[in-house]
Amino acid sequence: MRNSIRFAALAALAASPASALDCDAGFRAFTHLQGESCIPENPQRIVSLGSKNVTVPMIELGVMPVGSQGTLPDGGEPIIRASATSTGVDFGNSDIAFVGDNPVDLEAVAALNPDLIIWPDWQDEVSIDQLKLIAPTVTYFTDSTLHEAQEFYAALFDKGDTLTANRARYDAQIAQLASLVPDDTSYAIIHGGSDGFWTCTPYGNLDLILQDAGLNPVTYPNNPAAGDCPTYSAEELQAFDADWVFTTYRTDRGQIPQDAIDAMEGAFPGFCDVLSACQQGRLIPIPREEITTPSYDAVGGAIFMLTTVLSNPFLQPE
């Protein structure tokens, strides 16, 4: 929660004209995670060091980077994680250059002659000081919510009108979902892991969507703090029983829904016998990309899926 409050404050500052910096002509002050920097007023050659949490929301707002971090699937070509399904843009059908995964290739970044670099805080093997020698660099707080992230990028690229339209669409989609699901509906999000079951609080946009629509999360054991991803034993699985139980799988790694179920079974053979939602067909595996990407397009697809499933009269809790 403290991180979310901090990020919201930074986003508000970024949009504020007040600044202690005296920037050169053609530049403006922008406040971000690591302070205030002078950045181009109209950057043209932007390099993103985070695919799904930087590149995707950029493209959604109509800003195309010249280079991006990407993911290398086993034996495959690099991809911009979550971008093909959220924006239709990937390395293979655009002029965006691949600059490495984690860490990114600083030489590849420099070769693109960027005028702005965006660094997400999980790229911590790359020195900010090194990046600043290449181009002005702003830092992005990866654990921000969908709305905070979109406000950050709208302020960075002066896309307030696009943000307003995208947020209005989200609100309308949430209202539709809320109108079709009873107010007292409960849910849980859980995954199978090597040491037991785990969850995160919150779990990306999935918690945001469900709670905005009026659903109630179960109380997880030990009341984990915001931002925590604790692991639980099989003895604690009963606490996750709810009207609906969700788990996720990674399509960028070639996973399918059965992989998520297999992970649950591996953590606790016979887990489905403990969860009434599972026994009644309300354990729902969903792709992780669309519910962890700070993109209204991606989230819109997730809301449509949730509306279809949660309003199905044949799947309602007994």
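Student: Hi! How many disulfides does a search of the whole structure find?

Tutor: Three, taking a disulfide as a pair of cysteine sulfur atoms within 2.5 Å. Residues are numbered from 1 along each chain as its sequence is written, and side-chain values use heavy atoms, without hydrogens or water. As the model is predicted, local features need pLDDT of at least 70 and side-chain atom pairs count only at pLDDT 80 or more, while totals for chains, interfaces and linings use all residues.

Student: Which cysteine does C23 form a disulfide with?

Tutor: C38, with the sulfur atoms 2.1 Å apart. C23 sits in the loop between α1 (2-14) and β1 (27-32) and C38 in strand β2 (residues 35-40), so the link ties together parts 15 residues apart in sequence. Helices (H or I, at least four residues) and strands (E, at least two) are DSSP runs, numbered from the N terminus.

Student: And is the link of C23 and C38 left-handed or right-handed?

Tutor: Left-handed, with -85° about the S-S bond. The link of C200 and C229, in contrast, is right-handed at 110°.

Student: Nice. Is C200 buried or partly exposed?

Tutor: C200 is buried, at 11% relative accessibility, whereas C229 is partly exposed at 43%. Buried means under 20% relative accessible area, exposed over 50%, and partly exposed in between (1.4 Å probe, protein chains only).

Student: New topic: what is the S to S distance between C272 and C278?

Tutor: That disulfide has 1.9 Å from S to S. Its torsion is about -105°, so the disulfide of C272 and C278 is left-handed.
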